[in-house]
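Dear colleague,

I am handing over the structure we spoke about, and below it you will find my notes on what turned up when I went through it. Please read them with the coordinates open beside you.

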Amino acid sequence: MAQSVAATPTAKPERAKPAELVQLIVFRLGDEDYGIRIEQVKEVTVTPEVARMPKTPPFIKGIANLRGDIIAIIDLEERFRLRPAGRPLPERSYTVAVEAADYTLGLVVREVPRPFTLPLSQIEPAPEFIQDSSTRDKYLEGIAKLSEGGVIIVLDMRKLLTPSEVMKLPTKTASS
């Protein structure tokens with residue numbers, strides 16, 4: 001009898017164990033929802049004035065001064081080829097500042113990003129066939145399936161740029 005009493009309490013905590021939650025910052029690109037893990041996001045702000053840089057890919061809009069840090073401003077709609085031809089950025093846009101080890105990127109989005117929490121179990125690995133075959137490191141962390149039927153494409157910001165694109169960015173350590 002003592003054995004069955006001891007087995008019951010240890011079984012209950014395992015069943016009552018809460019699901020591991022993931023917090024995302026969600027924004028729209030084209031007509032789809034994309035998300036970034038909140039721990040990769042430094043801040044969200046109105047897009048500052050952007051200075052165009054020579055010899056950068058077209059999706060790198062330039063650099064901006066964000067609270068004393070010089071960051072590269074990237075248009076993910078252009079990077080992912082999601083913007084219809086001739087659709088300019090709105091006069092007022094928002095920037096999601098994303099921090100990596102050696103640089104900070106500013107991602108331009110059209111609408112105010114929103115926080116979203118979901119169980120980790122709802123994020124499934126992205127199928128290989130939907131990843132950009134020209135990118136060596138895959139930048140999709142997975143696809144979050146929502147209970148109401150939609151999806152959020154979860155990006156891994158540390159893998160978004162190729163090493164050669166990263167080399168063209170202003171770095172945190174470039175001070176002298």
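**Strand pairing and the open sheet**

Strand 1 (residues 21-29) and strand 2 (residues 32-37) run antiparallel and are joined by six bridges; within this pairing, R28 has D33 of strand 2 as its bridge partner. Please keep in mind throughout that this is a predicted model.

These two strands belong to an open sheet of six strands, whose order is 8-1-2-11-10-9 and whose pairing is mixed. Strand 8 (114-119) and strand 9 (123-124) stand at the edges with a single partner strand each, so one side of each has no neighbour in the sheet.

**Strand 5 and its partners**

Strand 4 and strand 5 pair in the antiparallel sense over six bridges, and I60 stands opposite I74 of strand 5. The two strands form a hairpin with two residues between them, and R67, which lies in the turn, has a positive phi of about 55°. Strand 5 is also joined to strand 7, here through four bridges and in the parallel sense, with I73 opposite G106 of strand 7. Because five of its seven residues are buried, strand 5 is largely enclosed by the rest of the structure.

**Nonpolar cores**

The largest nonpolar core holds 29 residues, of which L76, L107 and L155 touch the most other members. Among the elements that give two or more residues to this core are strand 1, strand 2, strand 5 (69-75) and strand 7 (104-109), together with strand 10 (140-145) and strand 11 (151-155). Leaving aside residues up to four places away in sequence, L155 touches F27, Y34, G35, I36, Q40, L76, F80, Y139, L140 and E141. There is also a second, separate core of nine residues, which includes V22, L118, I123 and A144. As general background, nonpolar side chains in soluble globular proteins tend to be buried together.

**A buried threonine in a loop**

T56 lies in the loop between strand 3 (41-46) and strand 4 (60-66). Since buried is taken to mean under 20% relative accessible area, T56 counts as buried, because its value is 18%.

With best wishes

Notes:
Residues numbered from 1 in each chain as written. Predicted model: local features only at pLDDT ≥ 70, side-chain atom pairs only at ≥ 80, totals over all residues. Heavy atoms only, no water. Pairing = 2+ DSSP bridges. Core = buried A, V, L, I, M, F, W, Y, C linked by side-chain atoms within 4.5 Å. Buried < 20%, exposed > 50% of the residue type's maximum accessible area, 1.4 Å probe, protein only. Contact = heavy atoms within 4.5 Å.
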